[in-house]
Amino acid sequence: MNLLAVHVPWGLALGIKTLIVLIVVPTGALLLGYVFLLKMMSHMQSRLGPMEAGPHGSLQLVADGLKFLQKEDVILAEADRPVFKLAPAVVVLSTFLIFVVIPVGPGPGGVVSNLDVGVFYALAVSSLSVIGVLMAGWASANKFALLGALRAAAQLIAYELPLLLAVVGVVLQAGTMNLQGIVAAQQDGSIFGWGFIGNPFIFTQFIGFVLFMVAAQAELTQTPFDMPVAESELVAGYMVEYTGFRFLFFFIGEFGTATAFAALAATLFLGGYALPWFHGTAATVLGPFVLIAKMMLVAFFIFWVRFTYPRLREDQLQSLAWKVLIPLALFNIVLTGTLKVLV
Amino acid sequence: MSTTNPPEETMPDIEIDPRDLRHLADAQMNVELDTGDMILNLGPQHPATHGTLRVVVRLDGERVISADPVIGYMHRGYEKLTEFRTYPQITTLINRIDWLSSFANEVPFIDGAEKLMGVTAPPRAQYIRTMLTELSRIATFVLFLGEMSLQVGGITPAFFGFRDREHILNLIESATGGRFHPNFNRIGGIKDDLPWGWLSETRSAMQMVLNSCDDFEDLVAGNEIFQARTRSIGIIPGELGATYGVSGSNLRASGVDWDLRRDGAPYLVYPELDFKVWTHPDGDSYARYMVRLQETRESARMVVQMLDQIPEGPVMAKVPRIIKVPEGEVWVETENPLGQMGYYIVSKGGTGPFRVKIRSASFSNVSILPWLLRGVYVPDVITILASLYFILGDIDR
């Protein structure tokens, strides 16, 4: 933490880092929730969406959040109280933990924690949320919630594998698992010797990018893979018994994780915070804005698919993961390895 | 309905509900196979049941072992209520049987009353009735085309369905004054003539319907995920469907070429129209979707035909001020959006009917559910419920 070339004591640095992550997650969730869930979906569906709270309805989610805080915290008599209370926190926790490693600028000051196994860490903590989902589903003492939680567990485990395998190609090409290193490799790299715009891995790792997006869609339980919350079948799946601020936690978890995955995809495949010709101070200043722009682009695709497609059935989802995505990911790894050695 | 009922001679003398025995037998089987079943109540409060249908589903994992529809949560006693109303008052009630296509409900009842009285509505009134019936069919079906997508997970087309329905409801409103419940039919004709400019408005709206049918075909029916979710799901064999009393588009989707507009006793101006009856050989949920999609287009074309052919003239025949229907009995059935709808009217010569039996399409369509839902997965239950397309008011009356 020597962003301004001032020595910052360890405790203060930790506090600042925690604060940053604590602010980023709800803000990202609000941003995505407003831009995509409220506005983009409404305009796709020939309606306006919220228009009253704030300019163009931009404060609607803040108002909703305040409303949720006022609601009664209903816990069923049948519910397993401690588990029921803990579950939303576990889900949100995994979201917070992903942001720890996503870089927004060059150097150690651009990231909360510059881990050498950054990618690995991010994908590992992202799957923590399934524990929270299972806890929620089990503790709710509701059959719909239980079905939703079991579906979520099966689905998240099945899609963990293609998600990881899709990233292996990127790691092979960058030669590092450190996210800063991956960004640098994209900024200064070259596509088969042509290095004018660096080497955003979306070009050389296009299969990996597509696989990552499909698997991320499933990890986020967004349509067409939203069986755990399928509102026409399971009403709201594992969230069905949650009210008030506990539901708000799930909401923040859902959209915060969408933000995190969009930022991760932007970092891994679109060059992250970096632009090809900007280094040094310019990159430090522009970094967060560039990352947010790229993140919104990725999120746009995630939500575009979400609002357009119907959902698959559980068995179709599994066969897609095991019969299509995983073989394709393995092929991509072999291809990348071969080219890496040859070129 | 279950095959596990014991034979007659083993039945003990004490009174036992056969359903208890079935559970006992199933419990015995479960001990042997060591699987625990879960009983899941889909409804009466569930987003996919269009109201208050309750389906008690026994699940093994996500597979349905048996499903029992429980109806009656919305029973309003319309058959009994008709006995205490005069004929003009009854249209208010029967508007509310199938609330999506209210106008189409009125037609067979008024038709029956007119037959008993020996009154015939003038041709222009017949045309307007037919047009409004077809408009309510379109309003019902475009909603289905969107909502089917919603039930299998796609949110956006549902709003397109509501948007298109809004155009049609506006037309119905401007002609009749009521959006949902027009209450526009009178014995001997209809209440008013069409407002100025209605014909050209309708013509452009029909073009809009045809365009959005193309959209639905691309966006929903052409979607691979939608096809994977609906093809070969919930197959009704044509013969079996007919035995259960399934009618309308559900039966035509099973390859039975039967449409009361063409095959029944002639009513309204359908004999004068040129239209095709669409069928589909598959009988699955996708077939039901496609048949309704084609029927929406066909209805739009029929409305355009009628707009070209509609004659001038009065819209009301001469009828006495106080309507008294002579003694007699009559059975009238029509092809309503949801299927075959019929009224058996018994008159003893008063101002109101002595007894009315209402045959509503959804009641029979839903009766096939226990057979249809056995062995499918939970998501398919929703697909099948959505594709059968029933209205709770039409089931419970």
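Helices here are DSSP runs (H or I, at least four residues; strands are E, at least two), numbered from the N terminus.

Quick housekeeping. This is a predicted model, where local features need pLDDT of at least 70, side-chain atom pairs count only at pLDDT 80 or more, and totals for chains, interfaces and linings use all residues. Residues are numbered from 1 along each chain as its sequence is written, and chains are lettered from A and ligands numbered from 1 in the order in which they are written.

On the H3(A) side we have A:Ser94, A:Leu97 and A:Ile98, and they meet A:Ala122, A:Val125 and A:Ser126 in H4(A). Contact means C-beta atoms, placed from the backbone, within 7 Å. The residues of this contact split into four nonpolar, two polar and no charged. For those classes, Ala, Val, Leu, Ile, Met, Phe, Trp, Tyr, Cys and Pro are nonpolar, Asp, Glu, Lys and Arg are charged, and the others, Gly among them, are polar.

Zooming out, what is the secondary structure of chain A? It comes to 12 helices and zero strands. The radius of gyration of chain A is 20 Å, close to the 20 Å from the globule rule for 343 residues, so the chain is as compact as a globular protein of that length. That radius is taken over C-alpha atoms, and the rule is 2.2 Å times the number of residues to the power 0.38. The C-alpha trace of chain A spans about 65 × 50 × 45 Å along its principal axes.

Buried residues make up 49% of the 343 in chain A; buried means 20 or more other C-beta atoms within 10 Å of a residue's own, exposed 12 or fewer, partly exposed in between, with C-beta atoms placed from the backbone.

Last, the chain contact: 23 residues of chain A are in contact with 25 residues of chain B. On the chain A side, H6, H11 (280-308) and H12 (314-342) each supply at least two residues. That side divides into nine nonpolar, six polar and eight charged.

Conventions
Contact = placed C-beta atoms within 7 Å.
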